[in-house]
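Dear colleague,

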Amino acid sequence: DNNGNINIIVGSQDNKINISIEDNGTGIDQDNLNKICEAGFSTKNSTGLGLSFVQDVINNHDGSIEFFSTKGQGTKILITLLEAEYNEQQYKNISN
């Protein structure tokens, strides 16, 4: 099917950055949904490290990632990160 869509929405609220990624693909089996962030898990011929790495990076930045999927209807991923505090002195040190 060549009519796939991916919608990405980014917003902020209450000092948090919210990222929503949603597609209208085939969805993820409920049996696999709880495993997709396990290192080494894959339903394809891959290492299965991608989502595990993404989850670790998000968690290390005090964020969260959630997956919602319905077989045959698509998948939605919600990522929440804390807004970074702007430090003018730190920015000057980096830019020089």
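The chain exposes about 7600 Å², of which carbon and sulfur atoms supply 47%; accessible areas here come from the Shrake-Rupley method with a 1.4 Å probe, and for residues only the protein chains shown count as cover. Please keep in mind that this is a predicted model, in which local features need pLDDT of at least 70 and side-chain atom pairs count only at pLDDT 80 or more, while totals for chains, interfaces and linings use all residues. Residues are numbered from 1 along each chain as its sequence is written, and side-chain values use heavy atoms, with hydrogens and water left out.

Of the 96 residues in the chain, 19% are buried, where buried means under 20% relative accessible area, exposed means over 50%, and partly exposed lies in between (1.4 Å probe, protein chains only). The secondary structure comes to 3 helices and 4 strands, and from the N terminus on the elements run β-β-α-α-β-β-α; helices (H or I, at least four residues) and strands (E, at least two) are DSSP runs, numbered from the N terminus.

The 4 strands form an open sheet in the order 1-2-4-3, with antiparallel pairing, and two strands are said to pair if DSSP finds at least two bridges between them. Strand 1 (6–13) and strand 3 are the edge strands, each pairing on one side only. Neighbouring strands of this sheet are turned by 15° against each other on average, direction ignored; axes are lines fitted to C-alpha atoms, for helices over the stretch in contact, and angles run from 0 to 180 degrees between N-to-C directions. Helix 2 packs on the sheet, where it touches strand 3 and strand 4, and its direction makes about 140° with that of strand 3; contact means heavy atoms within 4.5 Å.

Strand 4 (residues 74–82) pairs with strand 2 (residues 16–23) in the antiparallel sense over 7 bridges, and Thr 80 in strand 4 is the bridge partner of Asn 18. Strand 3 (residues 64–70) is likewise joined to strand 4 by 7 bridges, the two running antiparallel, with Ile 65 opposite Ile 79 and Glu 66 opposite Leu 78. In the hairpin of strand 3 and strand 4, which has 3 residues between the strands, Gly 72 takes a positive phi near 85°.

Leu 78, found in strand 4, is partly exposed at a relative accessible area of 26%. Not counting residues up to four places away in sequence, Leu 78 touches Ile 19, Ser 20, Ser 64, Ile 65, Glu 66 and Phe 68.

The loop between strand 1 and strand 2 holds Asp 14, whose phi is near 55°, a positive value in a residue other than glycine. Asn 15 lies in the loop between strand 1 and strand 2 as well, and has a positive phi of about 60° although it is not a glycine. Asp 14 is exposed, with a relative accessible area of 65%, and Asn 15 counts as exposed at 57%.

Finally, Val 54 belongs to helix 2 (residues 50–60) and is partly exposed, with a relative accessible area of 33%. Together with Leu 51, Phe 53 and Val 57, Val 54 forms a nonpolar patch on the surface, with about 320 Å² of accessible area together. Patches are made of residues with over 30% relative accessible area and no salt bridge, like charges being joined within 9 Å and nonpolar side chains (Val, Leu, Ile, Met, Phe, Trp, Tyr) within 5 Å; a salt bridge is a side-chain nitrogen of Lys or Arg within 4 Å of a carboxyl oxygen of Asp or Glu.
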